Amino acid sequence: MKFRVLASLFVSALFFVSVNAQETTNDDIAQRIKPVGKVHVAGAAPAAAVGPRTGKQIYDGACVACHTSGVLGAPKLQVAADWQPRLDQKGFDQVWKNAITGINAMPAMGTCGDCSDDDIKAAIEYMIEGI
Ligand code: HEC
């Protein structure tokens, strides 16, 4: 009787250990197959885990450093006097294109290394919101 109890304890212990071992293995596999080489540009916002980012999120991550205080003459966030002349002279599409390729002290893609062209567009739309 005593042996049986011990034996069944032993078996359940084995079972427990093997279940645990399986969990560890799954974790290890998840670790091994997760995507590598996520590039992070210093100062840029980390990519959101799910869904596309909003213009505000992109602005807060990549553009805020220059466009809040107007560093090097950058047009300031939602300041019509800074944006309207640019929009009048060039039109939105040209202003958008210049943000993608860079213009004068404005770096290409506004330093947002993982932004798509549409992300840049969303960030600009946020910057000129209400103008
Ligand atoms: C290192 C500073 C810096 C960062 C970061 C930056 N900008 Fe700029 N940006 C500038 C400066 C300076 C100008 C003015 C360039 C000029 O017209 O001489 C500018 C101008 C612009 C313009 C107007 C372009 C035109 O044709 O008039 C847009 C649009 C723009 N930035 C978008 C962005 C977006 C979107 C981001 C973030 C994803 C961003 N910028 C990040 C410095 C910056």
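Of the 131 residues of the protein chain, 16% count as buried. Buried means that 20 or more other C-beta atoms lie within 10 Å of the residue's own; exposed means 12 or fewer, partly exposed lies in between, and C-beta atoms are placed from the backbone. This is a predicted model: local features need pLDDT of at least 70 and side-chain atom pairs count only at pLDDT 80 or more, while totals for chains, interfaces and linings use all residues. Residues are numbered from 1 along each chain as its sequence is written.

**Stop 1: the whole chain**

Show the protein chain as a cartoon. It has 5 helices and 0 strands. Along the sequence the pattern is α-α-α-α-α. Helices (H or I, at least four residues) and strands (E, at least two) are DSSP runs, numbered from the N terminus.

**Stop 2**

**Stop 3: α2 against α5**

Keep α2 and α5 on screen. They pack at an angle of about 75°, with their axes 9 Å apart. That makes α2 roughly perpendicular to α5. Axes are lines fitted to C-alpha atoms, for helices over the stretch in contact, and angles run from 0 to 180 degrees between N-to-C directions. Angles of 65 to 115 degrees count as roughly perpendicular, under 35 as roughly parallel, over 145 as roughly antiparallel and the rest as oblique.

Select Gly55, Lys56, Ile58, Tyr59, Cys63 and His67 in α2; they meet Asp119, Ala122, Ala123, Glu125, Tyr126 and Met127 in α5. Two residues are in contact if their C-beta atoms, placed from the backbone, lie within 7 Å. This contact divides into 7 nonpolar, 2 polar and 3 charged residues.

**Stop 4: the core**

Next, find the largest nonpolar core, with 14 residues. Such a core is a set of buried Ala, Val, Leu, Ile, Met, Phe, Trp, Tyr and Cys residues joined through C-beta atoms within 7 Å. Ile58, Cys115, Ile120, Ala123 and Ile124 touch the most other members. α2 and α5 are the elements that give two or more residues to this core. The largest share, 5 residues, comes from α5.

Centre on Ile58. Not counting residues up to four places away in sequence, Ile58 touches Arg53, Cys112, Cys115, Asp119, Ala122 and Ala123.

**Stop 5: α3 against α4**

Switch to α3 and α4. Their angle is about 110°, and their axes are 6 Å apart. α3 and α4 are therefore roughly perpendicular to each other. Arg86, Leu87 and Lys90 in α3 meet Phe92, Gln94 and Val95 in α4.

**Stop 6: two loop residues**

Most residues other than glycine have a negative phi. Select Leu72, in the loop between α2 and α3. Its phi is near 55°, a positive value. Is Leu72 buried or exposed? Leu72 counts as exposed, with 8 C-beta neighbours inside 10 Å.

Finish at Thr111, in the loop between α4 and α5. Phi of Thr111 is near 70°, again positive. Thr111 is partly exposed, with 18 other C-beta atoms within 10 Å.

Terms used:
Ala, Val, Leu, Ile, Met, Phe, Trp, Tyr, Cys and Pro count as nonpolar, Asp, Glu, Lys and Arg as charged, and the others, Gly among them, as polar.
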